[in-house]
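Work through these exercises with the model open. Try each task before reading its solution.

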Amino acid sequence: MQIIDNPSKDQWSSILKRPTQTVNDIEGTVNAVFEDVKNNGDDAIKKYTSKFDGVVLESQEVTHKEIQEAIGNVPNKLQNAIKLAKHNIEAFHAAQKTSKVALETSKGVQCWQEKRPIQKVGLYIPGGTAPLFSTVLMLTIPANIAGCKEIVLCTPPNKEGKIAAEIMYAAHLCGVTKIIKVGGIQAIAGLTFGTETIPQVYKIFGPGNQYVTVAKQIATKHGVAIDMPAGPSELLVVADKQANAAYIASDLLSQAEHGVDSQVILVSTSKTLIDNVSNEVENQLNALPRKAIAEKAIANSKLIYVENDDVALKLINEYGPEHFIICTTNESFYVEGINNAGSIFIGDYTPESAGDYASGTNHTLPTNGFCKAYSGVNLDSFLKNMTFQKISKEGLLNIGESIELMAEAEGLHAHKNAVTIRLKDLKK
């Protein structure tokens, strides 16, 4: 990892740059696949599955028999672990329900807001080097609590044309309505336009690589909503001289093993701690089965020394990490001062892994600094706020003249007339 000593503010932008391609670098590829899927449906999907995943599928939809076989292949202990995580995720997301907001804004003018589920949602679950069945829980559980009627899950098949048993078990446990063996750009395109096999949806959720992230952004040009831009994983840890170097190294490596384009950063007010963490990373890295992947991610990562907590906090808010771990004696300073982070983990015994799996919070989070404007997935991600109003005769008499005056001032005389014609009848 690169050690950076007390960088000036004008260096922050270059130091904190993500190791990802820009949209322009890969947008052409994405658009070509989208156009092909739009025009050729399943035939295009099969072509790209063969090209990118190296397998030719007779059928893309997972059958009931495949699901039952998968359930039998998941060890009981793992099933119980998944059920515990499901319980905690359900509890936390169910607690996010809010009641109807109703108010009489003027006498006789009733306004209220209610939430309705998004009827059709598509969930993208990365397969690749690590089939993320935990993401199935994170997306399907709030979708069900919200009341979404159609929940379509897409995930890439392996070379044998199969999906990880754990993904199918979690999908079955949490109420997915359809599982499709398709990944990458073609999956997002299928959910955007609909094909003979893949239903068209109203909103697409889920993380993915850079191509999937850009594909989701392109989907919005075709009228489909997305949860957020969620690309390669990233983690920033802030720590002082009292922090445990071994713990911090383990957290940095836990994110580095996601993929070669992941990024992990330590910001510290202690040079000694930085040296100790650097040594620990090297020691722990050698024991990892995914060492080759983590090693490449570590090469994109930084150990940054700063003079004090004020500078550290400003730098962190500038970066806007997906995951933010606080390991300092004055943790309240960072808890109260952080404005830009996807999810925050506080203290020595709150590893980021807890949020990835079983604490109850959602791990589908904005990356690449998008947390400055986007929230992570939550119950409201699967709901729409709809407003209602009912105005009585008395109510229209109370606000009618104001509406007329405002409409006339804007030059919208038909708007004014819609009120005037009613007021004349009421004043007879």
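Predicted model: local features only at pLDDT ≥ 70, side-chain atom pairs only at ≥ 80, totals over all residues.

Residues are numbered from 1 along each chain as its sequence is written, and side-chain values use heavy atoms, with hydrogens and water left out.

**Exercise 1. Find which strands pair with β11, and decide whether its faces are buried or exposed.**

Step 1. Locate β11 at residues 302-305. Strands are DSSP runs of E, at least two residues, and helices are runs of H or I, at least four; both are numbered from the N terminus.

Step 2. Look for partners. Two strands pair if DSSP finds at least two bridges between them. β1 (residues 2-5) runs parallel to β11, with four bridges. β10 (residues 263-268) is also parallel to β11, again over four bridges.

Step 3. Check the faces. In a regular strand the side chains alternate between the two faces of the sheet. Lys 302 and Ile 304 lie on one side of β11, Leu 303 and Tyr 305 on the other, and all are buried. Buried means under 20% relative accessible area, exposed over 50%, partly exposed in between (1.4 Å probe, protein chains only).

**Exercise 2. Describe the largest nonpolar core.**

Step 1. Apply the definition: buried Ala, Val, Leu, Ile, Met, Phe, Trp, Tyr and Cys residues joined through side-chain atoms within 4.5 Å.

Step 2. Count the members. The core has 40 residues; Val 121, Leu 137, Leu 153, Ile 179 and Phe 382 touch the most other members.

Step 3. Trace the suppliers. Elements giving at least two residues each include α3 (64-72), β4 (120-124) and β5 (150-155). The largest share, eight residues, comes from α5.

Step 4. Look for another core. A separate one has 29 residues, among them Tyr 48, Cys 154, Val 201 and Ala 215.

**Exercise 3. How many residues of α8 are buried, and which residue caps its N-terminal end?**

Step 1. Take residues 210-219. Eight of the 10 are buried, including Gln 210, Val 212 and Lys 216.

Step 2. Inspect the cap. Asn 209 places a side-chain oxygen 3.0 Å from the backbone nitrogen of Tyr 211.

**Exercise 4. Where are Asn 6 and Asn 368 found?**

Step 1. Asn 6 sits in the loop between β1 and α1 (12-15). Its phi is positive, about 50 degrees, although it is not a glycine. Asn 6 is partly exposed, at 32% relative accessibility.

Step 2. Asn 368 belongs to the loop between α14 (352-357) and β14 (383-391). Its phi is positive, about 60 degrees.

Definitions and conventions: Polar contact = N/O pair within 3.5 Å; in protein donor to acceptor, adjacent residues only side chain to side chain.
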